Amino acid sequence: KLKGKFSYNNFFLILLVFAFTGCERGKDAKVVELGEEVINLSVFKEQYQKYMGNNYQSDNLLTRYSFLNKLIDEKLMLKYAREHNLDNDPSYVKAFRDIYDQMLLNYYFDKKINKDYQTTDLETRRLFIWKNQKAHIRHLFSRSEKQIWDMHERLTYDKSNWSGLAQECFRDSILRLNGGDIGWQGYDDLDPIFAFHAYSLIPGEISEPVRTSDGYSIINLVDMKNNNLLTENDFQLKKESLSKTIKSFQQKQRLLEFTDSTTKSLDITFNDPMVLQLHQSIKSLPYDKIENLYQEPLVSYMDQEWDVSESLEKMSSLSKRQLSKIITPIDLEQSIIGLITREKLLESAKKEKVFENELFDEALSLKKDKAMINHVLNNIERNKVNTGIDSTKKSYSYFKKELLSNSSIVIDSTIIKTFIL
């Protein structure tokens with residue numbers, strides 16, 4: 001075996017190049033050997049085509065070697081992770097558990113929701129018109145269904161109360177002052193469900209409370225204007241894309257209806273005084289005040305109950321973005337409702353064994369590897385990989401050299417250069 005170095009686009013790659021015989025150049029010819037692991041041509045080509053599609057790359061020698069370098073980097077990092085038992089790291093275990101749970105939900109929703117939705121010519125033409133218009137919109141918002149219907153009732157008695165209600169429901173200073181006016185918006189600038197309800201109105205009309213992706217809104221279409229002259233030829237060119245947009249909207253709408261139905265079936269009830277007390281304690285601190293509340297019951301549903309301690313533990317799984325949205329006691333309640341509903345949906349997904357699926361296993365394996373690669377890279381960034389170098393970029397370069405120096409890599413460069421897609 002010959003050993004040497006190959007440098008391409010600042011990547012360092014040790015190549016042991018063999019001139020394989022012609023009979024080995026079939027679809028199962030060995031393209032890369034990393035120790036005992038072999039990547040055959042059929043697998044390489046499949047992954048390479050996905051790489052090009054995901055990165056909007058065209059096929060050429062530069063792209064082929066760029067993908068080859070990336071593939072070897074990833075394989076070496078996974079090898080490093082196995083040798084150092086990184087799959088037992090608490091942060092990786094949590095990340096993988098979150099990935100697994102989300103996949104369970106995705107496959108469960110796919111089973112329950114994703115149908116072969118049909119679109120009519122009338123729906124497609126209506127969307128074509130909407131996408132060539134702009135709407136001047138204002139709205140009132142709440143994360144609570146009860147609160148939005150209360151606002152609707154007050155608005156019914158006195159439409160001039162709109163500005164007062166906006167000052168109550170918005171935290172954003174601009175929206176508080178301008179009555180929830182979001183100005184002129186194109187259809188694609190808005191959440192798809194919000195956009196559908198807004199554009200379904202006629203100028204001057206106020207909607208009833210509508211469920212959107214973030215909560216509930218009362219929408220007022222102030223005015224509407226056309227952007228372009230529409231032609232039948234334009235419509236026909238965009239018809240397929242418009243149909244896909246409608247189907248996507250139908251799926252999102254069905255998902256909201258399904259999750260809301262699940263939430264209502266749980267009969268979730270809060271200990272309102274404790275919600276207020278916990279919210280005040282979280283905002284004011286110190287933490288010892290919260291500890292005094294740990295054993296207090298906070299929320300019950302069906303035959304279960306969460307006390308303050310368990311609720312806070314469940315909330316620790318929320319992202320920073322989700323936590324940043326908890327400003328009011330209602331926000332606190334809605335976050336806990338979301339966690340309870342998610343647990344119920346996961347329980348249903350496991351009962352229906354949506355994981356007993358070949359496609360599920362394949363997708364999970366890919367996501368598991370990706371999560372581990374990110375974990376290794378994060379460790380390098382946090383200098384947990386002992387390189388003794390401060391710069392992240394230099395640390396990665398040094399780390400990669402170390403991996404390469406301890407690895408046997410064999411590449412058939414002739415196949416890389418000559419294979420046909």
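Which strand does β5 (residues 133–142) pair with, in what sense, and over how many bridges? Strand β5 pairs with strand β8 (residues 216–226) in the antiparallel sense over 10 bridges.

The views below show a predicted model, in which local features need pLDDT of at least 70 and side-chain atom pairs count only at pLDDT 80 or more, while totals for chains, interfaces and linings use all residues. Residues are numbered from 1 along each chain as its sequence is written, and side-chain values use heavy atoms, with hydrogens and water left out.

**View 1. The open sheet that contains β5 and β8.** Four strands follow one another in the order β6-β5-β8-β7 with antiparallel pairing, where strands are DSSP runs of E of at least two residues and helices are runs of H or I of at least four, numbered from the N terminus, and where two strands pair if DSSP finds at least two bridges between them. The edges are β6 (181–186) and β7 (210–211), each of which pairs on one side only. Within the sheet, A135 has M224 of β8 as its bridge partner.

**View 2. The largest nonpolar core.** Such a core is a set of buried Ala, Val, Leu, Ile, Met, Phe, Trp, Tyr and Cys residues joined through side-chain atoms within 4.5 Å, and buried means under 20% relative accessible area with a 1.4 Å probe, protein chains only. Of its 35 residues, V32, F44, L68, I72 and V376 touch the most other members. The elements that give two or more residues to this core include β3 (30–34), α1 (41–55), α2 (61–83) and α15 (358–381), and the largest share, 10 residues, comes from α2. Another core, of 21 residues, lies apart from it, with I268, M274, L318 and I340 among its members.

**View 3. The largest cavity, lined by residues of α2 and α16 among others.** A cavity is a set of points, on a 1 Å grid over the protein atoms alone, where a 1.4 Å probe fits but cannot get out, and lining residues have an atom within 4 Å of a point. About 40 Å³ of space lies in this cavity, a volume being the space filled by probe spheres set on the points, which are joined across faces, edges and corners. The lining consists of D73, L76, M77, Y396, F399, K400 and L403, with the largest share, four residues, coming from α16.

How values were computed
Buried < 20%, exposed > 50% of the residue type's maximum accessible area, 1.4 Å probe, protein only. 1 Å grid on protein atoms, 1.4 Å probe; cavity = no way out; pocket = protein on both sides within 12 Å on 5 of 7 lines; lining within 4 Å.
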